[in-house]
Amino acid sequence: MLSLLNFFKWFQCICRGFLYLIAVIGDERREGKISKETQIHTICSSKQDSVLQLNQSVYKEKDCKSNKINAPESVVNFKDQRDEETELEFDVGDQGIVPREDDSRLPISSKTIINDEHSTQEVKEDNEEHPVLSDFEEKCPPGGEDSVVFYTTSLRGIRKTFEDCSSIRFLLDSFKILVQERDVSMDMRFREELWRISGGRVVPPKLFIKGRDIGGADEVFRLHEQGNLKKLLEGIPSNCMCTNCANIGFLVCSNCNGSCKVFAEKEGDELCMKCPDCNENGLVKCPVCC
């Protein structure tokens with residue numbers, strides 16, 4: 001047993017020594033390769049430095065007699081090409097391309113400047129001109145000879161129509177003028193009146209100023225953006241709040257209380273009849289503002 005243990009210890013020592021020798025030999029080979037690579041790199045860098053020094057020396061050489069720099073031929077050729085391009089002059093004729101030097105010498109005609117001034121003045125005058133009421137088609141709604149009549153609707157069934165009506169109402173309220181607002185959804189007679197004036201089944205909004213058809217939402221907004229709507233509304237009296245209906249124009253019928261139905265006695269029997277005072281919505285016009 002002791003002999004076997006001694007043998008294994010001896011074998012283990014031999015293996016360790018062998019591995020150590022292999023590691024030392026590998027390190028020496030690696031160091032040799034690295035040294036060779038560094039030598040090659042230093043040689044290449046030295047060559048490049050020498051080439052750069054030679055190029056700089058060529059550029060810095062001067063001729064004592066001519067006092068010119070002796071540059072390489074490639075640099076001289078490049079400079080010559082640049083000089084030739086700057087000295088070229090183009091004569092295209094019909095295309096009207098003229099060199100910059102000739103452009104500076106051309107005489108400037110005063111007629112062209114005068115024509116441009118006249119054209120700018122004409123454009124300004126056209127922009128300053130605004131349409132008058134006589135430019136619009138004459139379609140006068142009842143009671144709208146000297147006032148503003150606005151046909152609108154309060155129904156939200158068609159979203160765009162309701163939004164256009166609300167936008168024009170807000171715009172007219174900003175001018176603080178008296179407007180006769182006629183809601184076609186509140187009274188069927190207003191709708192028939194609008195169709196009769198326009199000659200067809202027109203959809204609100206529709207604006208009339210002093211018996212002139214201004215148009216719908218697009219026309220009104222375009223006039224306002226141009227600043228002409230305010231001029232068309234000159235002479236319209238200012239708005240005042242109606243204490244009876246708050247400028248709504250309608251009140252609940254006091255005869256039927258908005259039910260559109262009344263009871264009448266006929267030969268001892270009670271009959272249900274339609275209220276003769278109100279419209280289909282149980283409303284009557286305000287006696288103060290309408």
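Colleague: Which element gives the most to the lining of the largest pocket, and how many residues does it supply?

Modeller: β3 gives the most, with four residues; helices (H or I, at least four residues) and strands (E, at least two) are DSSP runs, numbered from the N terminus. This is a predicted model, in which local features need pLDDT of at least 70 and side-chain atom pairs count only at pLDDT 80 or more, while totals for chains, interfaces and linings use all residues. Residues are numbered from 1 along each chain as its sequence is written, and side-chain values use heavy atoms, with hydrogens and water left out.

Colleague: How is a pocket defined, and which residues are the closest to the centre of the largest pocket?

Modeller: On a 1 Å grid over the protein atoms alone, a pocket is an open set of points where a 1.4 Å probe fits, with protein on both sides within 12 Å along at least five of seven lines, and lining residues have an atom within 4 Å of a point. Here the largest pocket holds about 560 Å³ of space, a volume being the space filled by probe spheres set on the grid points, which are joined across faces, edges and corners. Its lining has 23 residues, of which Val 179, Gln 180, Glu 181, Asn 247 and Cys 289 are the closest to the centre. Both α5 (159-175) and β3 (179-183) supply at least two residues of that lining.

Colleague: What is the span of α5, and which of its residues are buried?

Modeller: The expected span of a helix is 1.5 Å times one less than its number of residues; α5, with 17 residues, reaches 25 Å from its first C-alpha to its last, close to the 24 Å expected. Buried means under 20% relative accessible area, exposed over 50%, and partly exposed in between (1.4 Å probe, protein chains only). The buried residues of α5 are Thr 161, Phe 162, Asp 164, Cys 165, Ile 168, Leu 171 and Leu 172. After α5 comes Lys 176, whose phi is positive, near 55 degrees.

Colleague: Where should I look for further backbone exceptions?

Modeller: Most residues other than glycine have a negative phi, and most peptide bonds are trans. Asn 247 has a positive phi near 65 degrees, lies in the loop between α8 and β6 (250-252), and is partly exposed at 30% relative accessible area. Lys 210, in the loop between β4 and β5 (212-215), has a positive phi of about 50 degrees. A cis peptide bond, with omega about 10 degrees, joins Pro 204 and Pro 205, and Pro 205 sits in the loop between α6 (188-198) and β4.
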